[in-house]
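Subject: Structure handover

Hello,

Here is the structure I promised to pass on. Please have it open while you read my notes below.

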Amino acid sequence: MRLAAAGLIAAFLAASPAFAKTCEPVTLIDDATGRTVVGAEDMALDPGTGLVVVSAYDRLADGDPGGGLRVIDLATLEPGSLKVRDLAAGTVRRPHGIDLFEARRLFVIDRRDGGAEDTVVRIMGMDGGRTRTVEDPLLCRANDIAGLDGDRFLFTADHGSCGGVGVAIENVFGLERGFVGYFDGSRVRAVAPGLDFPNGIVVDPERGEVTIALTRGRSLRVFALDELIAGKPPRRTIPLDGAPDNLSRDQGGGVLVAIHPSLWRLALYRYGLPGSDRAPSRVEEISRDGDRRRVFEDDGTRLSAATVAVRWRGRMLIGSVRGDHVSLCR
């Protein structure tokens, strides 16, 4: 009996997810304004250096949302507070999904003044060089983005409607009108319609595959890149036991996905409604073969409503939609 119990304990410990490791808060302070950075909703990692670009703005701010694109060195990051600079020098006030292509080009969904019709994509040189702005009506509900080269990109549109009434109708009736869009360097077009709130997107160039997170669909869809652009269906679907948000490539070849265990609690927390002081968080690692491993989970005490995670050399950084800090896990 003792041997059996010992074996069960050993098996449990071996299978225990990495969320048992130490995770500590890091408060980001904008070095130009002195304000705490709130709402680190998305991140883009340069795997060669460990530099991370953080997309953040305060969604509940009455006036200036304090948005920007801050840079963190994950190699030297420690718990506590850290002064960070804004790559956009205050010109991008409501950045949403971002992606870093070969450490040279930063793709940014910029919601500018907050109206859906005002959304554009900015392609910025990380060295401060050329910035290109892409404008198109199909970008009105753009959520996340994946660069394919210096100019082309894919993006997710979480709804088919632009206006608030149309979005509300889609939400209430569960209409699957989101889509994936493609910019070929000169024009924007939809390539994968009929999706249930497509959110995070990530490209695996080695395998020529694209993974899309369907938040309301509680699953990941995996497409061949060329087939997606040609408008063909996905290769496979990976079901999840929660609502996926942003995705990032892991150094092992898999995907890290931030998951909302409860969409209801996320909505209450996101909009600052009564009784919504926190929302649960989860991060899972999905291998290329579709195997899942939970690497972080919290009831919202340490970090509420995690929306993104990046990992580099044993360090994982997690951001959230409304948090006044990020979490550094080691």
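The lining of the largest pocket divides into 10 nonpolar, 11 polar and nine charged residues. Here Ala, Val, Leu, Ile, Met, Phe, Trp, Tyr, Cys and Pro count as nonpolar, Asp, Glu, Lys and Arg as charged, and the others, Gly among them, as polar. This is a predicted model: local features need pLDDT of at least 70 and side-chain atom pairs pLDDT 80 or more, while totals for chains, interfaces and linings use all residues. Residues are numbered from 1 along each chain as its sequence is written, and side-chain values use heavy atoms, without hydrogens and water.

Pockets

The largest pocket holds about 900 Å³ of space. A pocket is an open set of points on a 1 Å grid over the protein atoms alone, with protein on both sides within 12 Å along at least five of seven lines; lining residues have an atom within 4 Å of a point. The volume is the space filled by probe spheres set on the points, which are joined across faces, edges and corners. In total, 30 residues line this pocket, and Arg141, Asp158, Phe197, Arg270 and Tyr271 lie nearest its centre. Helix α4 (263-270) and helix α2 each supply at least two lining residues. The most come from α4, with four. Helices (H or I, at least four residues) and strands (E, at least two) are DSSP runs, numbered from the N terminus.

The second largest pocket has about 660 Å³ of space. Its lining has 29 residues, with Leu45, Asp99, Leu100, Val203 and Arg249 nearest the centre. By class, they are 18 nonpolar, three polar and eight charged.

Cavity

The whole structure has one cavity of 30 Å³ or more. A cavity is a set of grid points where a 1.4 Å probe fits but cannot get out. The volume of the largest cavity is about 160 Å³. Among its 18 lining residues, Glu209, Thr211, Val255, Ser287 and Arg288 are closest to the centre. The lining has eight nonpolar, five polar and five charged residues.

Salt bridges

There are 32 salt bridges (a side-chain nitrogen of Lys or Arg within 4 Å of a carboxyl oxygen of Asp or Glu). Arg288 pairs with Glu206 at 3.8 Å, N to O. Arg288 lies in the loop between β20 (281-286) and β21 (292-298) and Glu206 in the loop between β14 and β15, so the pair ties together parts that are 82 residues apart in sequence.

Glu297 and Arg282 form another salt bridge, at 2.9 Å, N to O. Glu297 is in strand β21 and Arg282 in strand β20, so this pair links parts 15 residues apart in sequence. Arg282 is buried, at 8% relative accessible area, and Glu297 is partly exposed at 25%. Buried means under 20%, exposed over 50%, and partly exposed in between (1.4 Å probe, protein chains only). Shared partners join Asp241, Arg282, Glu284, Arg292, Arg294 and Glu297 into one network of salt bridges.

Surface

Val165, Ile169, Val172 and Phe173 form a nonpolar surface patch, with about 450 Å² of accessible area together. Patch residues have over 30% relative accessible area and no salt bridge; like charges are joined within 9 Å and nonpolar side chains (Val, Leu, Ile, Met, Phe, Trp, Tyr) within 5 Å. Accessible areas come from the Shrake-Rupley method with a 1.4 Å probe, and for residues only the protein chains shown count as cover. Phe173 lies in helix α2 (residues 164-173) and is exposed, at 63%.

Best wishes
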